Amino acid sequence: MITNMLTKNDQLLEQQNTRESNARSYPRRLPMAIDQAEGIYLTDMDGKRYIDFLAGAGTLALGHNHPAVLEAMEKVLKDKRPLHTLDFTTPIKEQFVDEIFECLPEEFRKNAKIQFCGPTGGDAIEAALKLVKTATGNRSILSFQGAYHGATHATMSISGNTKPKEKIQGLMPDVQFLPYPYQYRCPFGIGGEESHKISSQYIENLLNDPESGLLAPAGMILEAVQGEGGSIPAPIPWLKEIRRITKEKGIPLIIDEVQSGIGRTGRCLPLNMQVSFRMFLYYPKQ
Ligand SMILES: Cc1ncc(COP(=O)(O)O)c(C=O)c1O
C-alpha cells in the first residue's frame, strides 16, 4: 500500500493536507511534522534534526522548553494557580506587570498603561486601532509601504503586501500609505541619508496641506524596524521627526513592536513613548 511507504513525517503532512484549510503559511514552504523541541533544535517525525531559526516566529527568545520556563510552568500547575482568569488579576499577573514596567524608562513609566489583548500580535494592533479611533473620533489610519501588521481584516488593510488583499474585497477603508525611509530601495529614488529627510518632509507637507485630500487621521502606525517588509530599520532621526510631527499635529502614534520588541533588536529604542506589552502606543496629551 502506498500509505505504508510514506514516512511518519509524510503521513502526518498528508493528514494535515486533507484535514486543514489552505490558510497555512509556513508548512507550505517547510513540509515537516514536528516531534520534539529543545533549545534551538527541532526534530521531525523521521528523526531529522533542524536548527530552528524561526524560534516560534520570534516568540521563543529562550528557545524551546527552556528549563527556567518549564520550571515556572510546573510551579503554576503544582500550586494550583488558575490557568484562565479572563481579565481578572492574579499575583503572578501583577508580578509580570511589575517586571514589564521596570523595563521602561522612568519618565515613560509614569504615564504608561498596559492592555492585555488576545494572544496574537494582530489582536494588539486591532486594539490599538480601536483605541485611537475612540480617542480621536477620527477614522483614517496612516500606515507605511512595506508594513506588516497582521492578517485580520483590519490589520491586513493597513499592511503593505497587496497579494493577500487581492481576493478580499472591501477591507477597512480610509487607510493612507506613506513612504517608509528605506535607504536601499528608496521610494524617492535617491537613497542614502537624504531619503529619510525627504520622507519626513513629504509626510509633514501632506499633513499640513489643506489641499492634500487627507482628513485628520485617527492615528499613524509604524514599525521602527520593518519585519516582514525586509528587516528594515528606520533611521533614528526619521523616527524622531515623525514623533515631532505627530505630536505637533495631535496624531496618536502607534509603534508596532510585535516582531522587534522586548529586546529583539538588541537594545531599547531611545524614544520616549508609552508601552503596552506587544506594542508601543504614544498618545499625545491634548
Ligand atoms: C510587525 C508585526 N505586527 C503584527 C504581526 C501580527 O502578529 P500575529 O501573527 O501574532 O497576529 C506581526 C507578525 O509577524 C508582525 O511582524
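Author: Happy to! Please keep in mind that this is a predicted model. To get our bearings, the C-alpha centres of domain 1 and domain 2 lie 31 Å apart. The domain assignment places domain 1 at residues 8–70 and domain 2 at residues 115–282.

Now for the close look, at a pair of helices. Helix H9 covers residues 194–208 and helix H10 covers residues 236–249, and the two pack with their axes 9 Å apart at an angle of about 10°. Because angles under 35 degrees count as roughly parallel, H9 is described as roughly parallel to H10. On the H9 side, the contact is formed by His196, Ser199, Ser200, Ile203, Glu204, Leu207 and Asn208. H10 answers with Pro237, Trp238, Glu241, Ile242, Arg244, Ile245, Glu248 and Lys249.

Searching the whole structure turns up 0 disulfides. Cys117, for one, takes part in no disulfide, and its nearest cysteine sulfur belongs to Cys103, 18 Å away. As for accessibility, Cys103 is exposed, with a relative accessible area of 55%, while Cys117 counts as partly exposed at 29%.

Technical notes. Residues are numbered from 1 along each chain as its sequence is written. This is a predicted model: local features need pLDDT of at least 70, side-chain atom pairs count only at pLDDT 80 or more; totals for chains, interfaces and linings use all residues. Side-chain values use heavy atoms; hydrogens and water are left out. Axes are lines fitted to C-alpha atoms, for helices over the stretch in contact, and angles run from 0 to 180 degrees between N-to-C directions. Helices (H or I, at least four residues) and strands (E, at least two) are DSSP runs, numbered from the N terminus. Angles under 35 degrees count as roughly parallel, over 145 as roughly antiparallel, 65 to 115 as roughly perpendicular and the rest as oblique. Contact means heavy atoms within 4.5 Å. A disulfide is a pair of cysteine sulfur atoms within 2.5 Å. Buried means under 20% relative accessible area, exposed over 50%, partly exposed in between (1.4 Å probe, protein chains only). Domain bounds come from an automatic or database domain assignment.
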